[in-house]
Amino acid sequence: MAALTGRVALITGAGRGIGREEALFFAGEGAKVVVNDPGAEPDGNGRDDSVAASVVEEIVAHGGTAVANTDSVSDWAGARRMVEAAIDTFGDLHVVVNNATIKADRAMTTMTEEQFDDVVAVKLKGTFAVSHWAARHWRQRHEAGDRTDRAIVNTSSGSGLVNPLPGQTNYAAANAGVAAMTISSALELGLYGVRVNCVSPSMARTRLTLDVPGMDNPGQGSFDPSHPRASAPVVAYLAAPDCPLTGQVLAIRGGTVVVNDGWSPGARVTKDDALWTVEELRAALDELTFTDQFDKLAVALGGALGATGREQIQQLIAAHLTEVSPGS
């Protein structure tokens with residue numbers, strides 16, 4: 001059986017580049033896909049509804065199931081509508097892949113307020129907005145006794161985590177924020193059976209990276225490490241119902257997948273000659289050691305609150321969330 005059979009996935013920014021490859025890969029693995037993309041230009045301007053529609057057409061032509069949504073993730077109501085589109089069309093939602101982003105590079109001395117705000121609105125606020133509405137649905141399902149595995153896969157960037165680039169104050173800050181949001185969300189949403197992880201692709205050839213020297217040249221041979229599809233099997237693995245990971249940030253460069261602990265790269269797996277399959281990746285990553293974010297929080301608290309294990313930490317988190325969000 002394919003890795004995502006029976007899963008309903010909402011993928012934002014799925015009209016082009018990395019998001020498009022993820023949508024095609026997910027459909028090939030049996031998922032029903034909501035292809036979200038307003039069809040904007042790289043800086044967020046403009047609109048073209050045909051961009052999302054063309055990906056849906058491609059999925060359907062290959063025997064898959066998909067529906068288009070053209071709302072912007074930066075629109076609070078639009079984020080809710082795309083979540084509702086999945087539920088109304090397919091009956092449920094199991095996976096959110098937050099991939100949407102724009103780019104407006106400028107020196108800090110010339111960057112406008114609008115250029116900063118627009119990038120942060122799509123990358124950071126958009127990731128939160130879509131996750132928020134999905135999480136509210138999942139909390140409701142969990143409280144009704146539904147214990148189905150749910151997953152969020154966020155997308156950061158090497159420009160935000162490893163090498164924040166000059167001219168990308170807005171982009172780097174937003175992407176670093178997404179990685180931090182991933183860990184916070186994983187700690188919160190574990191209460192409802194939701195896993196939250198993050199991928200951080202680098203050197204993938206998309207519209208946003210064509211101005212990087214050397215990125216306009218495809219790799220030689222059967223495997224192109226800069227092709228945007230390199231991230232797709234990693235995201236599919238994180239979205240699969242039997243994936244145990246949560247609160248992890250995985251950096252991706254071609255066929256290399258690196259486990260990040262905070263800002264520091266750690267253990268890695270590499271496949272040089274072809275795209276990973278989900279099964280291959282699962283077997284390879286099973287050999288690595290991952291930091292449990294609940295255990296890490298317990299250590300950080302130093303026992304000051306009397307919590308020493310995952311169950312006690314989750315009880316403290318639940319009590320804290322009730323305190324800060326009474327009646328929500």
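In the predicted model, the buried residues of helix 8 pack against helix 1 (17-28), helix 7 (232-239), strand 7 (249-253), strand 8 (256-261) and strand 9 (264-270). Helix 8 itself spans residues 278-285, and its buried positions are Val278, Leu281, Arg282, Ala284 and Leu285. Viewed along the axis of helix 8, these buried residues lie within an arc of 165 degrees and so line one face of the helix. An α-helix has 3.6 residues a turn, so residues three or four places apart point the same way.

The axes of the two helices are 9 Å apart and meet at an angle of about 70 degrees. Because angles of 65 to 115 degrees count as roughly perpendicular, helix 7 and helix 8 are assigned to that class. On the helix 7 side the contact is formed by Pro233, Val234, Ala236 and Tyr237, and on the helix 8 side by Val278, Leu281, Arg282 and Leu285. Sorted by class, the contact comprises seven nonpolar residues, one charged residue and no polar residues.

The side chain of Asn170 reaches the backbone oxygen of Ala104 at a distance of 3.1 Å. With residues up to four places away in sequence left out, Asn170 touches Ala104, Met111, Gln115, Phe116, Val119 and Val120.

Conventions:
Residues numbered from 1 in each chain as written. Predicted model: local features only at pLDDT ≥ 70, side-chain atom pairs only at ≥ 80, totals over all residues. Heavy atoms only, no water. Polar contact = N/O pair within 3.5 Å; in protein donor to acceptor, adjacent residues only side chain to side chain. Contact = heavy atoms within 4.5 Å. Buried < 20%, exposed > 50% of the residue type's maximum accessible area, 1.4 Å probe, protein only. Helix = DSSP H or I, 4+ residues; strand = E, 2+ residues; numbered from the N terminus. Arc of directions from axis to C-beta. Axes fitted to C-alpha atoms, helices over the stretch in contact; angles between N-to-C directions. Parallel < 35°, antiparallel > 145°, perpendicular 65-115°, else oblique. Nonpolar A, V, L, I, M, F, W, Y, C, P; charged D, E, K, R; others polar.
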